[in-house]
Structure formats: structure tokens, C-alpha cells
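Please read this briefing with the sequence and the model side by side.

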Amino acid sequence: MSDPECDWCEEVLQPYLDRELDEADQTKVKAHLADCKWCDDRYKFEGHLRRLVRLTAVEPMDPGLKLKLSELRLEL
Amino acid sequence: MSETSSEEARRLAEGARDRVRFEEDALALADQVYRVARGVSRSKEEAEDLMQETYARAFRSWQSFTPGTNLRAWLLRILTNLNIDRGRRAQRTPDSQPLEEGDYFLYNRLEAASGETEEERVLQRLSQDHVAEALAAVPHDFRDVLVLVDIGEFSYADAAQILDIPIGTVMSRLHRGRRILKQELADLAVEAQ
């Protein structure tokens with residue numbers, strides 16, 4: 001696809017997802033995504049990928065480790 | 001008791017109280033710090049070692065923390081520095097294979113491989129295991145940034161401060177790290193067929 005708007009959207013999609021775009025650009029991306037299913041599908045996919053990355057690190061810390069950490073405190 | 005020694009005793013008691021408060025605050029953040037530790041480590045054991053080193057150092061140098069500033073970022077700065085010091089960086093830096101494809105390339109690739117055009121169907125081709133495996137394959141410098149932003153949910157500016165690198169470097173490493181992640185995922189998804 002060589003629509004310049006889609007090209008632009010592809011370029012700024014990551015900072016958009018990171019909430020690092022300024023407001024004007026953010027509004028522009030939002031409007032484009034509402035208009036363009038092709039980009040919107042890819043936007044949803046990128047968002048889903050982010051969630052999967054986040055999920056790789058949800059295994060909780062061992063209770064034993066927590067105890068060890070608190071034992072590292074200096075003697076009073 | 002003379003006036004100076006009671007003054008001295010009061011100061012000591014205050015210092016001890018500040019320290020205990022610092023320790024409690026730091027421990028309360030351990031779960032969040034651990035998520036980043038786990039993300040930048042190759043194994044659970046490595047993450048646990050890194051946590052203990054981080055907390056030991058934090059407790060020793062608690063006085064260099066400025067109360068009222070971001071304690072989580074402060075702890076993670078220690079953690080990422082230790083991680084660098086420990087020479088876990090022996091890993092190859094990625095060869096400069098051209099990553100010219102655009103950001104949509106993984107989606108496009110999966111879509112082409114599946115013959116599906118529906119976003120949901122394309123999504124199903126990504127498994128959680130593949131994502132974990134792909135993330136582990138991203139070289140450290142890039143993974144650190146990726147983990148801080150995607151898992152730690154830090155802003156680019158905070159990540160730059162934690163890693164002590166310019167914000168432009170955060171952005172370029174993030175960009176490259178995500179590209180490498182997707183490249184790995186594309187390979188894994190194709191292999192899985």
C-alpha cells in the first residue's frame with residue numbers, strides 16, 4: 001500500500017502506542033485509524049503484541065525471594 | 001545527658017527512621033522491579049540473583065536517594081547498571097542486517113502466510129510462547145529499553161534517565177529492538193507451520 005497517509009501512520013504507530021506523540025499527531029492518527037481498516041487491523045495487532053510482551057513478565061516473584069530481599073536490610 | 005548528646009541521639013533516631021521507611025518503600029516495589037528484572041534476564045535464577053544484588057546495593061546506598069523522587073526508577077537504574085557490569089553483554093550485537101521493511105511487516109507476513117485477512121485470525125498465529133522466546137533472543141541493549149517501555153511502562157524520558165543514555169538512543173534502540181522481536185516472531189511462526 002503506498003497511500004502516503006498509511007505510510008505516515010505506519011511510521012508513527014509505535015510512538016502513538018507509547019503515548020509519546022504530541023496531541024495534534026495523536027488526533028491525526030486516531031482519525032486515520034477510524035477511516036482506514038487496513039491500518040486499524042495492524043494497529044490492533046500491534047496493541048495485542050504489546051500485551052503479549054507484557055504477559056511474558058507476569059509470573060510473580062517467589063515468596064522466598066521476597067523474604068531474602070528483606071533480609072538484606074542493614075542491621076539497625 | 002548533656003544537650004549535645006541528646007541532640008545527637010535524636011538525630012540518630014531520625015536517621016534510623018528514615019532508613020526503615022526507605023527500606024519498606026523499596027521492598028513494597030519489589031514485585032514491579034522484579035518484572036523488569038525478569039524481562040532483562042534470561043532465566044528466573046538470573047533474575048533472582050539480579051534482584052538480590054540490586055536490593056543489597058540499594059540498602060547500602062540509601063542515603064544517595066533523594067526523597068520525593070521516583071524510587072522505582074532509582075532502583076531500576078541500579079538494576080540495569082548491575083546487569084551491564086555483570087558482563088551479561090558478551091552476547092553478540094546484532095549484525096547490521098538491513099531492517100528496511102516497515103513496521104507492519106510482521107502482520108503482512110503472517111497475513112500472507114495464513115491467507116487470512118481478518119485481524120483476529122492473523123493474531124491467532126502469535127503464541128505467548130513464541131513471544132517469550134523471541135523476546136529472549138533480542139540482544140540486551142535493545143531488550144533493556146523494550147522491557148522498560150513495554151513492561152515497565154516508562155516514558156522514553158524516564159527510560160533514558162534510568163539507562164543514562166540520550167532519549168534519541170532510547171528511541172532508536174526501541175525501534176530496532178521491536179524490529180528484531182518481530183523478525184524472530186516471523187521466523188518462529190513460519191517454522192511452526
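A:K44 has its place in helix α3 of chain A, where helices (H or I, at least four residues) and strands (E, at least two) are DSSP runs numbered from the N terminus. This is a predicted model, in which local features need pLDDT of at least 70 and side-chain atom pairs count only at pLDDT 80 or more, while totals for chains, interfaces and linings use all residues. Residues are numbered from 1 along each chain as its sequence is written, and chains are lettered from A and ligands numbered from 1 in the order in which they are written.

**How α1(A) meets α3(A)**

- The axes of α1(A) and α3(A) are 11 Å apart, and the two helices pack at an angle of about 25 degrees, where axes are lines fitted to C-alpha atoms over the stretch in contact and angles run from 0 to 180 degrees between N-to-C directions.
- α1(A) is therefore roughly parallel to α3(A), since angles under 35 degrees count as roughly parallel, over 145 as roughly antiparallel, 65 to 115 as roughly perpendicular and the rest as oblique.
- On the side of α1(A), the contact is made by A:C6, A:C9, A:L13 and A:L17, and on the side of α3(A) by A:W38, A:C39, A:Y43, A:E46, A:G47 and A:R50; two residues are in contact if their C-beta atoms, placed from the backbone, lie within 7 Å.

**Where chain A touches chain B**

- In chain A, 30 residues are in contact with 34 residues of chain B.
- The elements of chain A that give two or more residues to this side are α1 (4–17), α3 (37–55) and α4 (63–71), and the largest share, 11 residues, comes from α3(A).

**Chain B as a whole**

- Chain B has 10 helices and zero strands, and buried residues make up 34% of its 193 residues.
- Among contacts in chain B between residues at least 6 apart in sequence, 70% join residues at least 24 apart.

Conventions:
Buried ≥ 20, exposed ≤ 12 C-beta atoms within 10 Å, placed from the backbone.
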